[in-house]
Amino acid sequence: MSDALSLDHLNTAPPDELRPVLRACVTSSAWADRFLAGRPYARVDDAVAAAEKAVLALDTAQIDAALAGHPRIGERPGGAHADGAAFSRSEQSGVDSGADTAARLAAGNAAYEQRFGHVFLIRAAGRDADQILAELERRLGNDPATERAEAAGQLAEITALRMRQVLA
């Protein structure tokens, strides 16, 4: 995963020095700008809360850019998803890679992307394949506005998880 940062380093380092680590948390430069503008943070919890708030403040295009930085559930991250690849591999480690599960995830991902126009995003850490598939099926029933809000909420959860790891 990304190099760990101390809170002091996060608060004092030049933004360009921090951007590679922050891009592993969220690929959105708009998010990084908002988050960095809030420095200094008194505690790790304050930084994590600010990171989540900055995600939820992103507009539709910025959310789309951040979602594009995530691999599909059940796929190996790399290429366009290289910034957060180590995080994604760890977060998705509970997803069974059996042929049946892989086929169900692939079909669900395709249906979701056709319906909503972006990758299905869920905080995979702490969830198994059955839980993820159930959420995917449930969220396919959402209207686009509801789903956009859910995807942004999941992005905020993932960001918080990653920030806690970075600031460990």
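Visitor: Which residues touch the most other members of the largest nonpolar core?

Guide: In this predicted model, local features need pLDDT of at least 70 and side-chain atom pairs count only at pLDDT 80 or more, while totals for chains, interfaces and linings use all residues. Residues are numbered from 1 along each chain as its sequence is written, and side-chain values use heavy atoms, without hydrogens and water. A nonpolar core is a set of buried Ala, Val, Leu, Ile, Met, Phe, Trp, Tyr and Cys residues joined through side-chain atoms within 4.5 Å, where buried means under 20% relative accessible area with a 1.4 Å probe, protein chains only. Of the 46 residues in the largest such core, those touching the most other members are L10, L22, W31, F35 and M163.

Visitor: Which helix gives the most to this core?

Guide: Helices are DSSP runs of H or I with at least four residues, numbered from the N terminus. Among those supplying at least two core residues each are α1 (7-12), α3 (29-37) and α9 (144-166). With 8 residues, the helix that gives the most is α9.

Visitor: How are the rings of W31 and F35 arranged, stacked or edge-to-face?

Guide: Both residues lie in helix α3, 4 residues apart; W31 is buried at 0% relative accessible area, and F35 is buried at 0% as well. Rings of Phe, Tyr and Trp (its six-membered ring) pair if their centres lie within 6.5 Å, with planes under 30 degrees apart counted as stacked, over 60 as edge-to-face and the rest as tilted. At 5.4 Å centre to centre and 5° between the planes, W31 and F35 are stacked.

Technical notes
Buried < 20%, exposed > 50% of the residue type's maximum accessible area, 1.4 Å probe, protein only.
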